[in-house]
Structures are given as structure tokens and as C-alpha cells.
Amino acid sequence: MAGDSTHWMVLAFGVLGNVVSFMVFLAPLPTFYTIFRKKSTQGFQSIPYVVALFSAMLWLYYASLKPNTLLVTINTFGVFIETIYIAFFLFYAHKKAKIQTIKVLALLVVAGFGLIVGLTHFLVKETVARGVIVGWMCLIFSLCVFVAPLGILRQVIRTKSVEYMPFLLSFFLTVSAVMWFFYGLLLKDFNIWIPNVLGFTFGVLQMVLYVMYKDNKKVVEEEKKVPDQLPNQVIILDQEKLPEQIIDMMKLGALMQSEKITVASPQLHNGHEISKIQTVNVPPQPPLVQAAA
């Protein structure tokens with residue numbers, strides 16, 4: 001009776017894990033909608049998606065050795081959706097980001113996964129032993145999936161903005177970690193439950209940071225809009241009457257902070273030499289893309 005109860009609990013947590021993980025894989029959709037709308041990847045990174053693709057492929061290989069149907073279903077979907085995300089990212093990324101993404105793909109997905117499958121298949125003959133080796137690899141790379149957002153966390157703390165850290169992804173990662181933790185614990189598979197302890201910890205940390213800095217996102221967006229609302233201005237300064245002129249220092253300060261430069265050139269006006277100061281638009285620089293560690 002107790003065995004039947006445990007079996008149903010394992011099945012329940014496995015199904016819930018599939019459902020929540022499905023939502024986890026779909027959580028980045030708002031991020032990619034933003035990329036599509038702005039036709040640019042901006043400060044978003046492809047590394048977490050490449051690592052997630054590799055991890056899903058590795059778990060799929062592990063599930064085929066056990067076998068484990070619930071792991072097969074969710075990781076098959078994971079491979080599919082992560083491939084779409086990466087292709088979408090490559091389409092809108094600038095040249096440097098594309099090259100970086102392709103290098104990581106070649107290193108992990110092509111060389112890394114191909115080497116793992118080849119070595120375990122030809123050097124390890126017993127399926128059980130092969131499953132143990134691949135299971136340890138799954139554990140290590142699952143930790144990498146959960147550690148991957150650390151770069152985003154550092155960016156959030158540094159900029160005090162959650163612009164590039166979607167809340168839905170953090171929330172569903174946390175709930176998913178809880179489901180898979182109990183699934184692995186009841187199944188007595190430490191390769192499943194150990195990495196989800198770290199996943200739960202990082203998920204909670206991301207949500208705490210989101211609550212702390214969520215209001216700063218609006219402030220950053222408003223500051224970005226201010227320079228665009230400032231019109232080009234031309235100020236004529238007569239050197240003979242300069243002491244009598246009053247200059248609006250707030251306007252000059254705003255101009256200095258905007259995406260405009262000030263150019264001064266001497267000209268003649270009513271027989272007097274004057275300095276003509278005018279602002280010239282400068283194209284905005286592309287956002288800084290954080291390099292992979």
C-alpha cells in the first residue's frame with residue numbers, strides 16, 4: 001500500500017514538474033517579443049539558452065538510458081523550444097554576439113554532446129554504468145543552467161534595474177525546482193534532486209532582487225526618453241554684452257547629458273564678433289553587451 005502511495009506521489013510530482021517546466025520554457029517569450037519589437041537583442045544574452053539546450057539534450061540522453069518517460073517528454077520539448085530561441089536570437093543579434101553564440105554552440109552542442117555520446121557508447125558497454133556516468137554529467141550541467149543567471153543578477157545589482165531579468169522566468173524556475181526536487185527525492189535519484197536545491201535558491205534570490213529594483217525600471221526608461229524630447233537649441237552670445245546675458249544653466253546641463261554635442265564657431269553679427277553655439281545630434285551608441293565569463 002505504501003509502495004502504491006509512493007508511486008502515485010512520484011507520478012504526481014513528475015507530471016507537475018512537466019507542466020511547470022513547460023511554463024519555464026515559455027517564460028522567455030516576452031523577452032523575445034521585446035527583441036522582435038525593437039529588432040535588436042540589446043543587453044540580452046544567448047549563453048543561458050545555449051546551456052539550457054545542451055542540458056536538455058543531455059537529460060534526454062540520460063532519460064533514454066534509465067528509461068524515464070516523464071524526463072523524455074519535457075526535455076524533448078526543451079530541445080525544440082531552445083533551438084527556436086537561439087535561432088531567433090541569431091537573427092536579430094549583431095555580428096559580435098552572433099559569433100560568440102555560434103562558438104558556444106559549436107563547443108557545447110556539437111563537440112561536447114557528440115563527444116559524450118560517442119565516448120559513453122563505445123567505451124562503456126553496460127547500460128547501467130553508462131546511465132551513472134551520464135547522470136553525473138546531467139547533475140553538473142544542471143547546476144550550470146541554474147548558475148547561468150548569475151551574470152544577470154550581477155547586472156541587476158550594478159545597474160539597480162530589472163530590465164533584463166524577466167520575473168516570470170524567475171518565478172517558474174523556482175516552482176519547477178520544487179517539483180523536480182520532490183520527484184527526484186521520491187524516486188531516489190540524487191542526479192535530479194541535488195541541482196534543484198540550487199535552482200530553488202537562485203530562483204528566490206532573483207525574485208527578491210526583482211521586488212527590490214522593479215520600480216527602477218520605469219525610472220531608467222524615463223531617463224532614456226528625456227534626451228529625445230529636447231529640441232535642438234541655438235544660443236547666440238555677444239562677447240560685448242556677455243555680462244548682461246542670463247543663461248539657463250538647467251538647459252545647458254540637460255544638453256550636456258543628452259545625446260548631443262556642442263559646437264562653437266566665431267561669426268560676425270552687426271559688426272561684432274560673436275560665438276555661435278549649436279547642438280548637433282549624435283547617433284546613440286549600442287547598449288553594452290556583457291561578455292561571457
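Helices are DSSP runs of H or I spanning at least four residues, numbered from the N terminus. In the predicted model described here, helix 6 covers residues 127–147 and contains Ser 142. This serine has a relative accessible area of 6%, under the 20% limit, and is therefore buried. A polar atom of the Ser 142 side chain lies 2.8 Å from the backbone oxygen of Cys 138. When residues up to four places away in sequence are not counted, Ser 142 touches Ser 55, Trp 59 and Pro 195.

The largest nonpolar core comprises 56 residues. Leu 58, Leu 71, Val 134, Val 156, Met 165 and Tyr 183 are the members with the most contacts inside this core. Helix 3 (residues 47–65) supplies the largest share of the core, namely 13 residues. For Val 156, the contacts beyond its neighbours within four places in sequence are with Ser 161, Val 162, Met 165, Leu 209 and Tyr 213.

Helix 4 (69–92) packs against helix 5 (residues 95–123) at an angle of about 150 degrees, and the two axes are 8 Å apart. Because angles over 145 degrees count as roughly antiparallel, this description applies to helix 4 and helix 5. The crossing of helix 4 past helix 5 is left-handed. On the helix 4 side, the residues that meet helix 5 are Ile 86, Phe 89, Leu 90 and Phe 91. Their counterparts in helix 5 are Ala 97, Lys 98, Thr 101, Ile 102 and Leu 105.

Backbone geometry was also examined in the loops. Most residues other than glycine have a negative phi, and most peptide bonds are trans. The peptide bond from Lys 66 to Pro 67, however, is cis, with omega near -5 degrees. Pro 67 belongs to the loop that joins helix 3 and helix 4.

A positive phi, near 55 degrees, is found at Lys 39, a residue other than glycine. Lys 39 is placed in the loop between helix 2 (29–38) and helix 3. With a relative accessible area of 48%, which falls between the limits of 20% and 50%, Lys 39 is partly exposed. Lys 160, likewise not a glycine, has a positive phi of about 55 degrees. The loop that holds Lys 160 lies between helix 7 (150–159) and helix 8 (167–187). Lys 160 has a relative accessibility of 44% and so counts as partly exposed.

Methods
Residues are numbered from 1 along each chain as its sequence is written. This is a predicted model: local features need pLDDT of at least 70, side-chain atom pairs count only at pLDDT 80 or more; totals for chains, interfaces and linings use all residues. Side-chain values use heavy atoms; hydrogens and water are left out. Helices (H or I, at least four residues) and strands (E, at least two) are DSSP runs, numbered from the N terminus. Buried means under 20% relative accessible area, exposed over 50%, partly exposed in between (1.4 Å probe, protein chains only). A polar contact is a pair of N or O atoms within 3.5 Å; within protein, one must be able to donate a hydrogen and the other to accept it, and residues adjacent in sequence count only if both atoms are side-chain atoms. Contact means heavy atoms within 4.5 Å. A nonpolar core is a set of buried Ala, Val, Leu, Ile, Met, Phe, Trp, Tyr and Cys residues joined through side-chain atoms within 4.5 Å. Axes are lines fitted to C-alpha atoms, for helices over the stretch in contact, and angles run from 0 to 180 degrees between N-to-C directions. Angles under 35 degrees count as roughly parallel, over 145 as roughly antiparallel, 65 to 115 as roughly perpendicular and the rest as oblique. A crossing is left-handed if the near helix is turned anticlockwise from the far one by less than a right angle, and right-handed if clockwise.
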